[in-house]
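I opened this structure for the first time today. These are my notes, in the order I looked things up.

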Amino acid sequence: EYINTLFPTEQSLANIDEVVNKIRLKIRRLDDNIRTVVRGQTNVGQDGRQALEEAQKAIQQLFGKIKDIKDKAEKSEQMVKEITRDIKQLDHAKRHLTTSITTLNHLHMLAGGVDSLEAMTRRRQYREVANLLQGVVNVLEHFNKYMGISQIRQLSERVKAAQNELGQQILADFEEAFPSQGTKVAWLDKIDRRYAWIKRQLMDYEEKYGRMFPQEWCMTERIAVEFCHVTRTELAKIMRTRAKEIEVKLLLFAIQRTTNFEGLMAKRFSGCTLADGTVKKAELPPPSTNPFLEDESGTETDETVIEKGDIDRPKKPKAPDNPFHGIISKCFEPHLYVYIESQDKNLGELIDRFVADFKAQGPPKPNVDEGGAVLPSCADLFVYYKKCMVQCSQLSTGEPMIALTTIFQKYLREYAWKILSGNLPKTTSSSGGLTITSLLKEKEGSEVAKFTVEELCLICSILSTAEYCLATTQQLEEKLKEKVDASLMERINLTGEMDTFSMYVQQGVFL
């Protein structure tokens with residue numbers, strides 16, 4: 001391939017001599033180079049040994065110099081240690097001396113301060129004592145680690161004794177400055193005087209002594225809260241003693257005045273001094289379409305009075321933003337059975353009046369176009385229920401609400417039996433009263449019951465009333481659950497009464 005490259009054609013063979021001469025020239029040059037390289041390698045080995053020996057000598061010299069430097073550094077370090085040893089001793093001495101001087105100054109201040117504190121305490125110089133005592137306490141904190149020394153411990157004990165003496169002395173001075181009046185507890189009919197008295201006392205206190213205490217102490221509120229605690233305890237005690245003398249109007253009067261006073265407390269104070277130290281934020285009640293919500297928080301109307309001459313219900317309802325709610329009024333809860341028994345009696349009389357009115361006035365006038373209208377007594381019953389529920393919820397949301405619910409159930413059944421079932425018209429073939437079941441019986445021929453238009457309207461009115469009672473009873477149950485405590489909500493159940501009214505409605509559809 002190489003030859004073909006040099007002589008690709010026959011004509012190129014004419015230069016063969018020239019090519020051969022160039023190759024021979026290259027061979028001679030290569031031979032010269034080889035000889036030169038071989039001769040050079042012979043001298044390199046000799047030069048390398050010489051260079052290695054020189055490097056070893058240089059390393060030995062460098063090692064010697066490093067050793068000399070290390071020896072000199074050790075000598076210098078030892079010299080520095082000897083120089084700084086005295087400086088360190090002087091630094092320690094200075095620090096200890098400074099601490100000793102500071103401690104002695106504090107000790108001097110503490111000893112003198114304790115003596116002055118005891119002297120000022122004896123002279124009742126409270127203004128001077130206030131500043132001095134704080135300074136003595138601050139200085140005493142520096143000696144916490146020296147309490148093992150008997151003299152320091154004695155000074156600490158003298159400070160504590162002076163503090164205790166000051167506390168007892170100041171309390172005694174205040175007791176002397178605020179003499180306690182008679183503690184005779186009045187009956188419930190005088191409860192207005194109790195609240196009027198504390199109002200006067202608080203105003204007098206703020207006028208005379210309000211600036212004596214820091215504002216953040218909330219002394220006026222503390223006095224009012226203590227008054228509430230004492231009042232609750234004393235009222236509970238006297239009501240237990242005179243439980244037989246408690247009447248419903250007197251009880252409602254006392255609760256109303258107490259609730260109003262608690263509302264006044266909430267407007268005047270923040271509640272920051274109560275036991276938990278928290279103030280609840282206002283929360284809006286959840287929206288509801290329940291008709292029982294009407295007029296509960298508004299102004300008083302005819303529907304908010306149980307009967308003429310009865311005591312007004314408390315104007316301020318129980319609300320989450322009143323931290324003082326129940327601070328006094330919870331003492332009345334054990335005696336709310338008087339109110340419950342009164343409502344039981346009133347409802348019984350109301351049902352009897354409904355029966356008597358129906359007999360006296362006769363069945364409602366017929367309306368052929370509209371059929372029977374809802375009996376007026378039904379609306380009256382539920383209006384009364386609403387009043388009772390609202391008023392009771394103002395008094396308590398606990399067990400009394402459960403007791404009131406039981407009474408509601410009782411008289412719902414009474415109404416169904418005495419008013420609805422008891423006033424169904426009688427058939428001509430039976431001396432007994434008509435029942436829904438008898439209306440549903442299929443009779444043949446002449447046995448089919450015949451009713452006048454008035455009787456049919458009465459039947460329709462009773463069935464319409466049952467339908468109204470069913471819907472309103474369901475709303476009543478929902479509202480009772482809203483009013484009662486969450487832990488008692490499951491005990492509110494008017495299903496049995498709703499089933500009774502539902503039976504009338506379902507059978508009326510078939511009729």
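**Overall layout**

I counted elements first: the chain has 13 helices and zero strands. The model is a predicted one, and I keep that in mind throughout. Reading along the sequence, I get the pattern α-α-α-α-α-α-α-α-α-α-α-α-α.

Next I looked up burial. The chain has 511 residues, and 33% of them count as buried. Then I looked up contacts between residues at least 6 apart in sequence. Of these, 81% join residues at least 24 apart.

**Helix α6 and the residues by it**

I took α6, residues 219-241, and checked its length. At 1.5 Å a residue, its 23 residues should span 33 Å. The end C-alpha atoms are 33 Å apart, so the two values agree.

Which residues of α6 are buried? I list Thr220, Glu221, Ala224, Val225, Phe227, Cys228, Thr231, Arg232, Leu235, Ala236, Ile238 and Met239. I recalled a general point here: an α-helix has 3.6 residues a turn, so residues three or four places apart point the same way. I then asked what the buried residues of α6 pack against. The partners are α5 (191-209) and α7.

I find Cys218 in the loop between α5 and α6. Its phi is near 50°, a positive value in a residue other than glycine. Cys218 has a relative accessible area of 23%, so I note it as partly exposed.

Thr273 came next. I find it in the loop between α7 (248-268) and α8 (337-361). Is Thr273 buried or exposed? Its relative accessibility is 16%, and the cut-off for buried is under 20%, so Thr273 counts as buried.

I looked up what Thr273 touches, leaving aside neighbours within four places in sequence. The contacts are Cys218, Glu221, Arg222 and Val225. With Glu221 there is also a polar contact, side chain to side chain, at 2.9 Å. Glu221 and Val225 are both on my list of buried residues in α6.

**A loop residue between α2 and α3**

I looked for another positive phi and noted Arg124. Its phi is near 60°, and Arg124 is a residue other than glycine. I place Arg124 in the loop between α2 (16-123) and α3 (126-141). At 42% relative accessibility, Arg124 counts as partly exposed.

**Helix α9**

I checked the length of α9, residues 376-395. At 1.5 Å a residue, its 20 residues should span 28 Å. The end C-alpha atoms are 29 Å apart, which agrees. I then looked up burial: 16 of the 20 residues of α9 are buried, so the helix is largely enclosed by the rest of the structure.

I picked Cys378 from this helix. Its relative accessible area is 0%, so Cys378 is buried. What does Cys378 contact beyond its neighbours within four places in sequence? I find Tyr415, Thr465, Tyr468 and Cys469.

**The pair α10 and α12**

Those contacts sent me to two further helices. The axes of α10 (residues 399-420) and α12 (residues 453-483) come within 12 Å and cross at roughly 180°. Angles over 145 degrees count as roughly antiparallel, so α10 is roughly antiparallel to α12.

Which residues make the contact? From α10 I note Met401, Thr405, Phe408, Leu412, Tyr415 and Leu420. From α12 I note Ile462, Thr465, Ala466, Cys469, Thr473, Leu476, Leu480 and Lys483. The residues of this contact divide into 10 nonpolar, three polar and one charged. Tyr415, Thr465 and Cys469 take part in it, and they are also among the contacts of Cys378.

**Distances to Ala466**

I used Ala466 of α12 as a reference point. Cys378 is 88 residues from Ala466 along the chain, and their C-alpha atoms are separated by 9.0 Å. Met503 and Ala466 are 37 residues apart in sequence and 8.7 Å apart in space, C-alpha to C-alpha. Met503 counts as partly exposed, at 38% relative accessibility.

Key: Residues numbered from 1 in each chain as written. Predicted model: local features only at pLDDT ≥ 70, side-chain atom pairs only at ≥ 80, totals over all residues. Heavy atoms only, no water. Helix = DSSP H or I, 4+ residues; strand = E, 2+ residues; numbered from the N terminus. Buried < 20%, exposed > 50% of the residue type's maximum accessible area, 1.4 Å probe, protein only. Polar contact = N/O pair within 3.5 Å; in protein donor to acceptor, adjacent residues only side chain to side chain. Contact = heavy atoms within 4.5 Å. Expected span 1.5 Å × (residues − 1). Axes fitted to C-alpha atoms, helices over the stretch in contact; angles between N-to-C directions. Parallel < 35°, antiparallel > 145°, perpendicular 65-115°, else oblique. Nonpolar A, V, L, I, M, F, W, Y, C, P; charged D, E, K, R; others polar.
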